[in-house]
Amino acid sequence: MTLTEKVLARAAGKKYVQPGDNIWVNADVLLTHDVCGPGTIGVFKREFGKTAKVWDKNKIVIIPDHYIFTADSLSNRNVDILRDFVREQGLPYFYDVIDDPNGHWIFDKSKGQLAKQYGSHFAGVCHTAIAAKGHTRPGEILFGTDSHTCMAGAFNQFATGIGNTDAGFIMGTGKLLIKVPETMRFYLEGALPKGVMGKDIILHIIGEIGFDGATYRAMQYEGPGAYNLPMDDRMTVTNMAIEAGGKNGIFPYDEKCAAYVNERTKLNGTKSDYQPVELDQDQKFIYDKVIDLSKLEPTVAQHPDPGNRALAKTLDKVKLDRAYIGSCTGGKTSDFLAFAQIVKGHTVKIDTFGVPATPEVVFDLKNTQWDGKSVWDHLVGAGVTMTENASCAACLGGPVDTFGRMNKPMSCISATNRNFPGRMGHKESRVYLASPYTVAASALTGHITDPREYLS
Ligand code: SF4
C-alpha cells in the first residue's frame, strides 16, 4: 500500500484498502477556524441537538486566523461565536485572539494595522500554527474545514480539507466516510540549487500536471531529494496539493519529521505518542514521475491559475504594482529569512507587504540579528510594510480594510498559494505566485525578476 492507503487502512481498522474503497475512518484531529467554525457548530447543533457534547474535546483544535484584524463587525462576531462554543464544551485547544474567556473581540481601528492587537494565546494562520502547537503527528488523520489542511501531510499524516457538513458530523461522531484516493508519486532526486525553494518545486509540479492534474488523488513525495528538504519546504509542497486538485500530499517519516513533531508536542504539552507509516516495497501508483531538484529554476505561476507555469527569468517584461509575502505557505520564518537575504541593504521599488504566519515568526524576525540589527528592522529599512498581526490577511482578500488587500485592479507578485481571479481582492487584479526569493527580487525591481541575480 502507499503511505496514504496505510494511514487510511489503519484508521478504518482494516488490514488492506485500495483506491476506490469507501471506508469509515476515525479522525485524530478536527481543525476549524473563524470562517467555517460557526457554520460547523451550527451543523453540529442542528443534527446532534442544542445540548450535545462533542465526540472528544481533546481532538478539536480551533484557530481563528482569517478575518481577524478588520473592523468588520460580523467577522469580529465569528470569533465570539467560537469562544462561546469553546466555553460551553470545555475545549482545551482554542487559540483565541484575546485572553479574556468571557470577553468580546473588537479590532481597534484607531491603533492601525501594524501594531500587535492579540493576546497571549493567539496562534496565527491555522495550518502553520497547528504544526507549531504540536497537533500534527505522523500516521494520524487530520480533517480541517480549510482546503490547505493538506499542508500537514509534510508530517507523514493524512490531512485533507472538508466542508462544514462533514466537520459537523465529525464533531458529533469522530468519524467520516471517505473514498480511498489513487496515489501519484513524485520521486525527488538531488538537492535544490541556490535561489530555488520548496515553492519552486510545487509550482513546477502543478505546471507539469495542471491545476486539476491531481484531482482526488494523493500526492506522495519520495526519494533522496524529499529527505533533503527541511520541514518548512515540505510544508510548502504539501500545502499546495489542493492547487492541483489533490486530496492530500504526504511525505515519508524521517528524523527531521520526528525532531519537529517531538519538539512541538513537548512545547505545548499535546499528545506525544504516534505511529508513523513506513514505505512499502509494493506500492501501486496511477502516476510516477522522477524530478531532479538540481535542475529546477525559480518558477512562477502566472495569472489566472496555479498551473500557469513559467520560469521567472522569462517574465522580466511583467511589470508589478505590489509584492506580498505571507500566508501559511509563504509566511514562515524561513520564508522571511530568504526574502530578507535579498532585500537587506536595498530599497523596494513597489508597495511591499509582509505578514508573518504566526506570532512566533514575528518573534523570530525581531530576535534574529544580522549585522547588529534585527531582521525585522532590515525588512522595514528596505521599505517593506510589516505587520505584527499574524493572520491570513490579504491571501484571500477579506473585508476591504484587510492589510495588503488589492482594492483596485493591479498586478502583484505573492508568496501565497492561490491566484484564481479575485483571490487577493479586486477581481480584475493579476496575481503571480512565486517563492519568497523571487518575490523579494521582484519587489526591488518592480518587474518579475530571477532572484539568482541577487544571490552571490
Ligand atoms: S493564509 Fe491563505 S491559504 Fe493559508 S489558511 Fe489563510 S487564507 Fe488559507
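From which domains does the shell around the ligand draw at least three residues each? Domain 1 (3-177) and domain 3 (301-454) each supply at least three. The model is a predicted one, in which local features need pLDDT of at least 70, side-chain atom pairs count only at pLDDT 80 or more, and totals for chains, interfaces and linings use all residues. Residues are numbered from 1 along each chain as its sequence is written.

The protein chain is divided into domain 1 (3-177), domain 2 (180-295) and domain 3 (301-454). These bounds come from an automatic or database domain assignment.

The ligand is surrounded by 13 residues, counted where the C-beta atom, placed from the backbone, lies within 6 Å of the molecule. The closest are S327, C328, C392, C395 and L396. Two or more residues come from each of α4 (126-132) and α10 (327-330). Helices are DSSP runs (H or I, at least four residues), numbered from the N terminus. By class, the shell has 6 nonpolar, 6 polar and 1 charged residues. Ala, Val, Leu, Ile, Met, Phe, Trp, Tyr, Cys and Pro count as nonpolar, Asp, Glu, Lys and Arg as charged, and the others, Gly among them, as polar.

Domain 2 also touches domain 3. Their C-alpha centres lie 24 Å apart. Here 16 residues of domain 2 are in contact with 20 residues of domain 3 (C-beta atoms, placed from the backbone, within 7 Å). On the domain 2 side, α6 (198-209) and α8 (231-239) are the elements that give two or more residues. The most come from α6, with 6 residues. This side has 5 nonpolar, 6 polar and 5 charged residues.

Terms used:
Two residues are in contact if their C-beta atoms, placed from the backbone, lie within 7 Å.
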